Amino acid sequence: MARELPPTAGLPLRLSDLWPGRAPFAQRVAEWLGVEHLQLECSGTAAMVVALRAMHRLRPQRDEVIVPAWTCPLVALAIHRAGLKPRLCDLAPNHFDMDIDQLCTLGGSKTLAIVPTHLAGRVADVNAALDVGHRVGAYVLEDAAQALGARQNGQSVGLLGDAGFFSLAVGKGLTLFEGGLLLTRDAVLRDAFAASHDATIHADARMDWQRALELIGYTLAYRPSLLPLAYGRPLRKALANHDPVAAVGDDFGPDIPLHTVSEWRQAVGTRALPRLPAFLDTTRAQALRRIERLKRIAGITVFDDAPGQQGVWPFLLLTLPSEATRDAALDTLWTAGLGVSRLFIHALPDYGYLRDIVDDAPLPNARSFAARALTITNSPWLDDTTFESICLTLERAVA
């Protein structure tokens with residue numbers, strides 16, 4: 001194919017961003033978000049490991065972490081790497097938030113943390129987790145990996161709970177080609193996070209070089225003319241092999257890199273950061289127009305902001321009436337180079353490599369959501385004519 005759209009709206013980097021230098025990246029992001037302090041880690045997953053280990057040191061008698069049953073598999077791997085046990089909460093019907101009734105039954109004296117998750121840049125229901133957390137004495141750790149820049153009632157996500165973390169991976173707005181940020185207003189937790197970082201994170205020259213080369217590759221290849229090679233070819237190969245997990249990049253190994261972030265990559269992110277607010281404004285305006293078109297398609301649920309929320313829009317998340325209608329749409333769209341994809345293929349127990357980490361359980365809502373969900377890129381490279389062709393395909397699928 002001559003042109004391929006990415007599945008998410010990442011901020012393109014410029015060659016001028018790559019000049020040598022050093023800069024206080026985490027401090028600059030904190031100033032933009034209007035928060036006092038952010039702690040930089042090498043990935044959102046590493047940030048979660050560091051946070052959970054710190055929380056466990058403060059409350060060592062607790063070892064369970066409650067998470068949504070449909071979320072990134074790295075969440076379960078991070079909990080396991082921290083020496084803790086995932087407890088899966090089913091989703092609310094046709095929603096990515098956790099089911100409140102089940103959450104109330106799961107919380108108990110062994111619960112260390114509850115992890116509400118801001119998926120697809122949408123703002124999650126943190127208050128339900130806070131109610132249960134306060135009742136049982138657990139922390140609330142907001143998973144804002146896909147929501148850097150999202151706000152609720154004028155303040156950044158991650159501030160309503162005890163702590164939160166963001167991801168700087170490719171496709172999530174600003175990227176350092178991996179990277180994560182930890183956020184808390186609690187002075188005790190902040191000190192504990194710093195101590196956990198010192199005990200967990202170490203310099204790794206090989207990973208520094210690998211991430212530097214990947215960041216250069218992203219700068220050069222993140223454009224529709226080169227994405228057929230960098231993204232499209234591996235996608236179509238995985239789908240031809242009937243491996244949707246590999247197609248969306250959900251095929252994670254047990255090893256989680258835990259290393260420092262080089263000063264050069266921090267400088268790259270600092271140079272790109274001033275362009276991020278305008279990029280988020282552009283993609284937000286585009287998304288708000290397009291979700292209105294999608295809402296006119298009978299049977300489709302599109303996830304939007306509630307009053308007081310201002311999420312970010314890396315992609316549009318929607319569910320179709322059934323797995324059959326979702327698959328009928330994907331048969332046409334997934335390999336067409338239009339940025340239509342899936343987010344997470346399975347509920348967590350249905351990933352083979354997680355079977356020794358998470359317990360199987362009846363999770364009807366999570367499995368239904370996984371079977372009916374798809375995503376549409378919110379990249380500015382997706383023009384209105386092409387977006388309309390996607391909508392027409394969805395209409396035919398659900399008709």
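In this predicted model, the largest cavity is lined by A9, Q146, A147, L148, K172, G173, F279, L280, T283, V312, W313 and P314. Its volume is about 90 Å³. Sorted by class, the residues around the largest cavity comprise eight nonpolar, three polar and one charged. In total, four cavities of 30 Å³ or more were counted.

The second largest cavity holds about 70 Å³ of space. The residues P68, F96, D97, M98, I100, L103, P116, T117, D125, A128 and A129 form its lining. Two helices, α4 (100-106) and α5 (126-136), each contribute at least two residues to the lining of the second largest cavity. By class, this lining contains eight nonpolar residues, one polar residue and two charged residues.

Pockets, which are open sets of points, were treated separately from cavities, from which the probe cannot get out. For the second largest pocket, the computed volume is about 230 Å³. A total of 16 residues line the second largest pocket, and R326, D327, L330, W334 and R342 are those nearest its centre. Two or more residues of this lining are given by each of α12 (323-333) and α13 (364-372). Helix α12 provides the largest share, five residues. The lining of the second largest pocket divides into seven nonpolar, two polar and seven charged residues.

Technical notes: Residues numbered from 1 in each chain as written. Predicted model: local features only at pLDDT ≥ 70, side-chain atom pairs only at ≥ 80, totals over all residues. Heavy atoms only, no water. 1 Å grid on protein atoms, 1.4 Å probe; cavity = no way out; pocket = protein on both sides within 12 Å on 5 of 7 lines; lining within 4 Å. Points joined across faces, edges and corners; volume = space filled by probe spheres on them. Nonpolar A, V, L, I, M, F, W, Y, C, P; charged D, E, K, R; others polar. Helix = DSSP H or I, 4+ residues; strand = E, 2+ residues; numbered from the N terminus.
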